Each structure stands twice: as structure tokens, then as C-alpha cells.
Amino acid sequence: MSLRAGSGLWRLVHYVLIFVAALAVAKVAARLGVPSDLAAVGSMLLALLSLCAVIEAQRYRLRVRLAGMDEDERRRLARHEPEVRYSRPLWRGKSYIVTMLVGQLVVHVPMLPIFIAPLTLTQLRFAPNDYPFLNLLAVVAGFALACLWWRIGGVFWRRWALRYRDIGPDELQWRGENGLLLRDASAYCDKKVRRAPKRPPG
């Protein structure tokens with residue numbers, strides 16, 4: 001098994017390094033007396049940033065390989081593979097990295113406070129052990145509100161990106177789906193087609 005870029009062993013090495021980095025953050029935080037919940041959030045953020053760096057490094061290698069191919073071969077690959085079709089330098093024009101970071105801040109960051117807000121308010125108003133049904137109801141309500149914000153935030157982010165960023169609708173949809181910012185458009189279209197009433201022949 002080779003250690004070349006893109007191989008299974010190479011990806012395994014990346015994941016091990018990410019895990020070790022997150023574990024190191026947890027250990028250092030414990031020694032410094034940082035609360036365990038904050039240490040867990042910091043570890044997850046470090047793991048996420050490390051994974052993003054790994055993905056961008058692999059995309060850079062892809063751009064280098066594409067630069068060495070002839071034009072016809074690149075076009076054939078681009079027809080079938082979005083990663084090739086939308087491959088471009090990281091900071092060319094209005095970077096898609098900035099677009100995706102704004103999407104994460106607008107869509108994903110508020111989801112956790114929205115999710116825990118109903119449960120927090122419930123426990124502040126009532127004793128936590130007196131009304132377990134209310135706690136369950138608050139968790140369900142928080143989940144529903146977080147999902148609703150995911151849909152609403154995704155719509156606002158998409159409109160902003162199409163208006164102010166140098167990115168087309170197809171590329172934005174593909175990157176939004178990969179970043180868990182937008183719902184799968186193909187599944188949505190397939191569902192609409194299945195629900196569409198059949199026209200009578202003739």
C-alpha cells in the first residue's frame with residue numbers, strides 16, 4: 001500500500017494526525033484548567049480546520065495534475081466530475097473559500113444556540129427533574145427550530161452569494177451541498193417529478 005497522495009493509506013495518515021491534534025488540545029486544556037465542554041469545542045474546531053486544510057491540499061494537487069493534462073482530456077473529465085469542472089486557484093477573483101466561510105458563519109454557527117435555547121429556557125423556568133416531558137418537548141422544539149434556521153439561512157446565503165460573489169448557480173449548489181449548507185437539489189427535483197400528476201395521453 002503506497003503513501004502517494006490520494007491513496008487510502010495517505011488519507012488514514014491524515015485522519016490519525018487530525019485525531020492526535022484534537023487529543024493534544026484536550027490534554028493541554030485539561031492541564032490549563034479549561035472546562036471540558038470548551039476543550040471539546042476547541043478540539044472539534046481544530047479537527048474541522050485540519051480536515052479543511054487536508055481537502056484544500058488535495059484540491060491543490062488536483063489543480064497541478066489538471067495543468068499537466070491536455071485540453072481535450074480536461075474537458076472530458078469536467079463533463080463527468082464537478083471537482084474537475086469547478087477547479088480553480090484558491091484566491092482567484094472572489095475566493096470561494098470566503099463564500100463558504102460566510103455560509104458556515106451564517107447557517108451553521110447559529111444552529112447550536114438555537115438548538116439549546118428552548119431547553120435552557122425550560123430548565124431556567126422549571127426544575128429540571130420535575131417535568132421531564134417538557135425537557136423532551138424543548139429538545140424536539142430546538143431541533144425543529146435549528147432545522148428551520150438551516151433552511152432559511154441557506155436561502156439567504158445563496159441569494160447573497162449569487163449577487164455579490166463570483167460564482168455560478170451550479171457551482172454554488174454543488175459547493176453548498178458538499179458544505180451541508182444547501183439541500184440536495186437532485187433529490188428535491190426527483191421528488192417533485194414523482195409527485196407531478198401524469199398527463200392523459202393525447
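Before anything on helix pairs, a reminder to myself: an axis here is a line fitted to C-alpha atoms, for helices over the stretch in contact, and angles run from 0 to 180 degrees between N-to-C directions. I'm working on a predicted model.

**Entry 1: α5 against α7**

I started with helix α5, residues 96-108. The axes of α5 and α7 come within 9 Å and cross at roughly 150 degrees. Angles over 145 degrees count as roughly antiparallel, so α5 is roughly antiparallel to α7. I noted the handedness too: α5 passes α7 in a right-handed crossing.

Next I looked up who touches whom. From α5 the contact uses Thr99, Met100, Val102, Gly103, Val106, Val107 and His108. From α7 come Trp149, Trp150, Gly153, Gly154, Trp157, Trp160 and Ala161. Sorted by class, the contact of α5 with α7 has 9 nonpolar and 5 polar residues, and no charged ones.

**Entry 2: Thr99**

Is Thr99 buried or exposed? Its relative accessible area is 2%, so I logged Thr99 as buried. Setting aside neighbours within four places in sequence, I found Thr99 in contact with Trp157, Trp160, Ala161, Arg165 and Leu172.

**Entry 3: Ile152**

Then I went to Ile152, which sits in helix α7. Ile152 has a relative accessible area of 34%, so I put it down as partly exposed. I also checked Ile152 against Val107: 45 residues separate them in sequence, and their C-alpha atoms are 8.3 Å apart in space.

**Entry 4: α6 against α7**

I moved on to helix α6 (residues 111-125) and helix α7 (residues 132-164). They pack at an angle of about 155 degrees, and their axes are 8 Å apart. That angle makes α6 roughly antiparallel to α7. The crossing of α6 past α7 is right-handed.

For the α6 side of the contact I wrote down Met111, Ile114, Phe115, Pro118, Leu119, Thr122 and Gln123. For the α7 side I have Leu134, Asn135, Ala138, Val139, Ala141, Gly142, Phe143, Leu145, Ala146, Trp149 and Trp150. What classes of residue make up the contact of α6 with α7? I get 14 nonpolar, 4 polar and no charged residues.

**Entry 5: Leu180**

I flagged Leu180 for its backbone. Most residues other than glycine have a negative phi. Phi of Leu180 is near 60 degrees, a positive value in a residue other than glycine. Where is Leu180 found? I located Leu180 in the loop between α8 (169-178) and α9 (185-195). At 58% relative accessibility, Leu180 counts as exposed.

**Entry 6: whole chain**

I count 9 helices and 0 strands in the protein chain. Of its 202 residues, 22% are buried. The chain exposes about 14,600 Å², with carbon and sulfur atoms supplying 67% of that. I also looked at contacts between residues at least 6 apart in sequence: 59% of them join residues at least 24 apart.

How values were computed
Residues numbered from 1 in each chain as written. Predicted model: local features only at pLDDT ≥ 70, side-chain atom pairs only at ≥ 80, totals over all residues. Heavy atoms only, no water. Helix = DSSP H or I, 4+ residues; strand = E, 2+ residues; numbered from the N terminus. Parallel < 35°, antiparallel > 145°, perpendicular 65-115°, else oblique. Left-handed = near helix turned anticlockwise from the far one by under 90°. Contact = heavy atoms within 4.5 Å. Nonpolar A, V, L, I, M, F, W, Y, C, P; charged D, E, K, R; others polar. Buried < 20%, exposed > 50% of the residue type's maximum accessible area, 1.4 Å probe, protein only. Areas by Shrake-Rupley, 256 points an atom, 1.4 Å probe, with all protein chains shown as cover.
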